[in-house]
Amino acid sequence: GRHALFEPAHGPATSLAKTDRANPIGAILSMAMLLEHFEATDAAAAVRDAVRAAVAADVTTPDLGGLRGTRDVGDWVADRVRLG
């Protein structure tokens, strides 16, 4: 069988754990890659679209110029995927 690993390029960012300052977008897009790997292309597209919408609406963490925390960004993206 095929094996695959999906992780943001920066790794788990453990130094930012429990600070609500980590940017969750890399992890979220890694999940989109996992969905594509399992041929859930519509779900992967929904995740990518929600991330694009978050960035366009400035729902981002400070490293991207936004004012939101990790949880807020992740919840916002998740809500858009559920509504889509």
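**Before you start.** The model is predicted, so local features need pLDDT of at least 70 and side-chain atom pairs count only at pLDDT 80 or more, while totals for chains, interfaces and linings use all residues. Residues are numbered from 1 along each chain as its sequence is written, and side-chain values use heavy atoms, with hydrogens and water left out.

**Stop 1: two helices.** Select residues 25–37, helix α1, and then residues 41–56, helix α2. Helices here are DSSP runs of H or I with at least four residues, numbered from the N terminus. Two packed helices are described by the angle between their axes and the distance between the axes. The axes of α1 and α2 come within 8 Å and cross at roughly 160°; axes are lines fitted to C-alpha atoms over the stretch in contact, and angles run from 0 to 180 degrees between N-to-C directions. The two helices are therefore roughly antiparallel, a term for angles over 145 degrees. Their crossing is left-handed, meaning that the near helix is turned anticlockwise from the far one by less than a right angle.

Now show the side chains between them. From α1, I25, I28, L29, M31, A32, M33, L35 and E36 meet A43, A44, V47, R48, V51 and V55 of α2. Contact means heavy atoms within 4.5 Å. These residues divide into twelve nonpolar, no polar and two charged. Ala, Val, Leu, Ile, Met, Phe, Trp, Tyr, Cys and Pro count as nonpolar, Asp, Glu, Lys and Arg as charged, and the others, Gly among them, as polar.

**Stop 2: A54.** Stay in helix α2 and pick A54. Is A54 buried or exposed? A54 is buried, with a relative accessible area of 0%; buried means under 20% and exposed over 50%, using a 1.4 Å probe and protein chains only. Leaving out residues up to four places away in sequence, A54 touches V59, T60, W76 and V77.

**Stop 3: the core.** Next, select I28, V47, V51, A54, V59, W76 and V77, which touch the most other members of the 13-residue largest nonpolar core. Such a core is a set of buried Ala, Val, Leu, Ile, Met, Phe, Trp, Tyr and Cys residues joined through side-chain atoms within 4.5 Å. At least two residues come from each of α1, α2 and α3, and α2 gives the largest share, five residues.

**Stop 4: T61.** Finish in the loop between α2 and α3 (70–83), where T61 sits. T61 is buried, at 1% relative accessible area. Beyond four places in sequence, its contacts include R21, P24, R68 and V73.

Definitions and conventions:
Angles under 35 degrees count as roughly parallel, over 145 as roughly antiparallel, 65 to 115 as roughly perpendicular and the rest as oblique.
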